[in-house]
Amino acid sequence: MKVDVLLGLQWGDEGKGKVVDVLTPKYDVIARFQGGPNAGHTLEFDGIKHVLHTIPSGIFHSNKLNVVGNGVVIDPIIFMKEIDALVKMVDNINDRLVISRKAHLILPSHRLLDAASEQAKGKQKIGSTLKGIGPTYMDKTGRNGLRVGDIETPDFKTKYDNLKRKHEQILAQFDFEYDLTEMETEWLACIERLKQFSLIDSEHLINNERKAGKKILAEGAQGTLLDIDFGSYPFVTSSNTITAGACTGLGVAPNQIGEVYGIFKAYCTRVGSGPFPSELHDEVGDRMRKAGNEFGATTGRPRRCGWIDIPALKYAIMINGVTQLIMTKADVLSEFGNIKVCTKYIHRGEEIDYLPFDVLSDDMKPVYEELPGWKEDLTNLSSIDQIPSSLNNYIEYLEKQLETPITIVSIGPDRKQTLMRKSELA
Ligand code: GDP
Ligand code: IMO
Ligand code: MG
């Protein structure tokens, strides 16, 4: 059985958590392949809202195995907080969750380095979630990092002290005050708790399950436009958020990837700094933020809002090899009489239909087409046949532009508010 992948096509927060939870009954294993507690994946069911950061979004279903893959970075403190919140709702969590020994650990000093670096950047700051993601991946590629498997070795504390000392030397170069003592005590206590979990060589598990005919869904974090190679660099995260990231982040060979579900909002949002060609700085953007409740699941920051961006989506579909599209938050656009779609840009006076290298340029303006809206509450619909014709037109218009079938339409945050769709393109 090949491994299916679900990932974001925009700047994150597309609704990955919700849809992974909806799709989990079809799978045996759900595996996170990159990112860490910078992610906030929201799920809602039975009137309960839950936000996951490190743990895969299949965790609420019994008899499913959730894997934190080698490509993920783990902060033991945040991980244990997630566990503590989950044990009230999830039985035998240890049986449902395994962690790769090769996943890297976020140290308290990584978080300090993230904060010091952002502070020093001033106006140029990335708008990082300050969870220590960048510094941890830097230590991974710099071959200095600590991995989950290291906590099982007798000299772990020495390895920790050595890395912490390196970080203290770097921190001394910043005008940045800190006190590590309290964070460190808590972190070391959480490392002890982490030892109680099933720490495994997850690449073997994934491939054995795959060979045994089990269905695996790889869950992405962040979004394609935050990818370290293909995102709006340097305003990106520090991992490969794209399909290729599922290969390296789980140990799945490229020829073993099956369906690639690309998820996008019916409009566009971004949290943190960086270019956003179709961003709305006006009252329309404010209405979108309010209607869509666009506030970060991890940091609570207001998300920047704008119309859907076709060239950016086409790029994401190309990079990821998307086979099926999932559109979320269609209900939010019920707020608007007309809906705009960015189809190209005017860049340095020239019309272009792709994302240029220099996306940052101030001299880049979106070109819009306008489509009629539907102005109808969608949140109680139970079948795709019930959707208003102008929403159907919007979906068909996007499918044509994107040359990829839209097979799921989400009309609200709850599990149940999900419409399956048979596409003519499928
Ligand atoms: P993720 O990071 O991709 O998992 O997305 P987030 O959880 O950060 O953000 C998505 C937000 O939109 C969450 O608050 C979800 O509960 C909510 N959401 C997901 N799908 C829909 C939808 O179709 N309509 C509405 N109104 N909200 C949705
Ligand atoms: P999910 O998985 C939205 C953004 C941050 C910042 C940039 C770098 O919930 O979609 P980092 O902390 O990674 O160094 O921050 O990336 N960012 C996200 N934005 N959703 C996320 O995750 C994000 N994870 C990071 O706001 O601009
Ligand atoms: Mg999120």
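**First stop: a loop residue**

Begin by selecting Gln256, which is found in the loop between helix 9 (243-250) and strand 11 (257-265); helices (H or I, at least four residues) and strands (E, at least two) are DSSP runs, numbered from the N terminus. This is a predicted model, in which local features need pLDDT of at least 70 and side-chain atom pairs count only at pLDDT 80 or more, while totals for chains, interfaces and linings use all residues. Residues are numbered from 1 along each chain as its sequence is written, chains are lettered from A and ligands numbered from 1 in the order in which they are written, and side-chain values use heavy atoms, with hydrogens and water left out.

Gln256 is buried, at a relative accessible area of 19%, where buried means under 20% relative accessible area, exposed over 50% and partly exposed in between (1.4 Å probe, protein chains only). If you set aside neighbours within four places in sequence, Gln256 is in contact with Lys2, Val3 and Arg210, contact meaning heavy atoms within 4.5 Å.

**The magnesium ion**

Next select ligand 3, a magnesium ion, which is coordinated by Asp13 (OD) and Gly40 (O) at 2.0 to 2.2 Å. The two residues belong to distant parts of the chain, 27 residues apart, with Asp13 in the loop between strand 1 (3-8) and helix 1 (16-23) and Gly40 in the loop between strand 2 (29-32) and strand 3 (41-45). Donors are N, O and S atoms within 2.8 Å of the metal (3.2 Å for Na, K and Ca), and water is not among the atoms, so sites may look incomplete. Asp13 counts as partly exposed at 22% relative accessibility, whereas Gly40 counts as buried at 11%.

Then move along to helix 1, where eight of the eight residues are buried, so that this helix is largely enclosed by the rest of the structure. To display them, select Lys16, Gly17, Lys18, Val19, Val20, Asp21, Val22 and Leu23.

**The nonpolar cores**

Which residues touch the most other members of the largest nonpolar core? Among its 58 residues, they are Leu9, Phe264, Met327, Leu333, Leu391, Tyr394 and Leu398; a nonpolar core is here a set of buried Ala, Val, Leu, Ile, Met, Phe, Trp, Tyr and Cys residues joined through side-chain atoms within 4.5 Å. Helix 12 (residues 389-402) supplies the largest share of this core, six residues. Centre the view on Met327 and, leaving aside its neighbours within four places in sequence, you will find contacts that include Phe264, Leu391, Tyr394, Leu398 and Ile408. A second, separate core of 33 residues can be located from Leu43, Val72, Leu107 and Val148, which are included in it.

Select Thr328 next, in strand 15 (residues 324-328), which is buried with a relative accessible area of 3%. Beyond four places in sequence, the residues in contact with Thr328 include Glu14, Val19, Ile263 and Ser410.

**Two helix pairs**

Now show helix 4 (residues 108-121) with helix 5 (residues 133-141), whose axes come within 7 Å and cross at roughly 115 degrees; axes are lines fitted to C-alpha atoms, for helices over the stretch in contact, and angles run from 0 to 180 degrees between N-to-C directions. His110, Leu113 and Asp114 of helix 4 make the contact with Ile133, Pro135, Thr136 and Asp139 of helix 5.

For the other pair, show helix 6 (residues 156-171) and helix 7 (residues 181-194), which pack at an angle of about 145 degrees with their axes 13 Å apart. Here Phe156, Lys157, Tyr160 and Lys164 of helix 6 meet Glu184, Trp187, Leu188 and Ile191 of helix 7.

**Backbone details**

Finally, turn to the backbone, and select Tyr233 and Pro234, which are joined by a cis peptide bond with omega about 5 degrees. Pro234 is in the loop between strand 10 (216-219) and helix 9. Asn63, in the loop between strand 4 (48-52) and strand 5 (65-68), has a phi near 60 degrees, a positive value in a residue other than glycine, and Asn63 is exposed, with a relative accessible area of 76%. Arg348, in the loop between strand 16 (338-347) and strand 17, likewise has a positive phi, near 50 degrees. Most residues other than glycine have a negative phi, and most peptide bonds are trans.
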